[in-house]
Amino acid sequence: MVDTKVTLSGWELDNPVIPASGTFGYGKEFAELYDINILGTFSFKGTTVEPRFGNPTPRIAECPAGIINSIGLQNPGMEHVISEELPEMKKYFGKKVIANLGGANIDEYARLAEAFGKEEQVGILEINVSCPNVKDGGMAHGTSCENVYNIVKRLKSVTEKPVYMKLTPNVTDIVSVAKACEDGGADGISLINTMTGMRVDLKSKKPVVANKIAGYSGKGVFPVALRMVYQVYEAVKIPIIGMGGVSCAEDVVEMMLAGASAVGVGTANLINPYASKEIVEALPAVMEKYGINSLKDIIGGAHNG
Amino acid sequence: MERIFPKVTGNAKIAENTYEMRLSGDFSSITAPGQFVNFAVEGCYLRRPISVCDVENGILTVVYKTVGKGTEIMSRIRPGETMDVLSGLGNGYDVGAGGKRPLLIGGGAGVPPMYMLCKALVRAGARPVAVLGFNSRNEVFYEDEFKAAGAETHVTTVDGSYGIKGYVTDVIGKLDYTYFYACGPEAMFKAVEKTVKSDGEYSFEERMGCGFGACMGCSCKTKYGSKRICKDGPVLKRGEIIW
């Protein structure tokens, strides 16, 4: 029997597979298809203080090895999520969940962290300082070491829950941003969010997505995400949830060898709603194939020697 | 929703840039006309959502236009091949709302879902009237099928090369009906909305990510809050739409 268990800030997960925020809603659509309790956990749809409709449509365009999206953090808002979605989620998900939170400014981040920090169902606060599709906040925070430092510091003063900073790859030096998070007191790092990209329609000769520029995700970003996880692992001591284009159990193992303690599965869920389930189920066989007894033992393994 | 792997039994061109594909499998997840299926297409990252034209005796029929790379690839699929399909997506039309004389309005690629709806309405005891709009003679399809299904059928072409010259709205204005169902381009919807005199429902199209409600890629605003075209739609009631 291989051991798929991993630990994030003292929280033991049955396996490292975590559907990534924005690709799994609040879990309900997937719980209709399979028992989502087989997952390590999942990160729910990025939630803001006020409800948001998001950006105009079209919001999605296809790319050769992925998609670009410009949803713009559509969500029903903090109060609704706490009063409606979390109790509903309890019916189909018995584990703790990762709360993905997006603020327009540091005060909003603090309000969100304070509110979700009180929720017993929440295991980790994943702070979205990396959304490329919103005007206020989002990626603007995550591209500045000073901003991420100040945000973490503030959040750590309002909540006891582990704070993981979800970072954008759209920076010159991902390592310095990750270090600033650690210096500010972050308990972990999630990376990567989407890379900015765009498509132009040859018939209309206009950008396909209404917002023109969008976030690229899917298989194509995997090597970039892997590289960033590898670099950040060398620079920080806090755990990393690695994500970006992960589509199969082999990708999970590769991401962990690069330095991830757990692994997000994102866009793959949208193409195949059973993707995360299939990855969880395929993991033991892949581990056996590569002579891995315990996943905990391979974290950062690619750095040895 | 269900993920299934049905076998293609036919894929033939039936009009200009228009193909009819038949697949054999268990389509019990399709419970209402107006729902859609989402095809994985070799060489494309995203699936291709296509409306259900008919389901009978374990055979799914879809009629699609080749409008881009995905549907071009689909048009070359041969009988015997297996498809990866998410089946039974979306809400579908409310057959019970149609009354004695429901009006079916289909424009171009919006015609196919009207066919299954037509059959369901006839089975429910209604006498539907169908108005099918196309650009030109070579794009016309399914006129005989609607007639055989029991609908009084009118065909319009914009250039007048077949049927009545003009738009679906040129015919609708002269008809009596109890309720309407429409599927087609949004420009047609806007003209229909100015013409129709009854309650009804519209089926919308939008670029989708997942097709089952997870990604929020196809959201729209309605009078009763935001809805996902793929999950809460594609059919919206006339009274909830913000034009």
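Domain bounds here come from an automatic or database domain assignment. For chain B, that assignment gives domain 1 (2-89) and domain 2 (95-203). This is a predicted model, in which local features need pLDDT of at least 70 and side-chain atom pairs count only at pLDDT 80 or more, while totals for chains, interfaces and linings use all residues. Residues are numbered from 1 along each chain as its sequence is written, chains are lettered from A and ligands numbered from 1 in the order in which they are written, and side-chain values use heavy atoms, with hydrogens and water left out.

Let's look at how the two domains of chain B meet. Their C-alpha centres lie 22 Å apart. Across the boundary, 18 residues of domain 1 are in contact with 14 residues of domain 2, where contact means heavy atoms within 4.5 Å. Together the two domains bury about 1300 Å², 63% of it on carbon and sulfur atoms; buried area is the accessible area (1.4 Å probe) that two parts lose on being put together, summed over both. On the domain 1 side, Pro33(B), Cys53(B) and Lys65(B) supply 37% of the area buried against domain 2, more than any other three residues.

Now for the charged pairs. Three salt bridges link domain 1 and domain 2 of chain B, each a side-chain nitrogen of Lys or Arg within 4 Å of a carboxyl oxygen of Asp or Glu. Lys119(B) forms a salt bridge with Glu56(B), and their closest N and O atoms are 2.6 Å apart.
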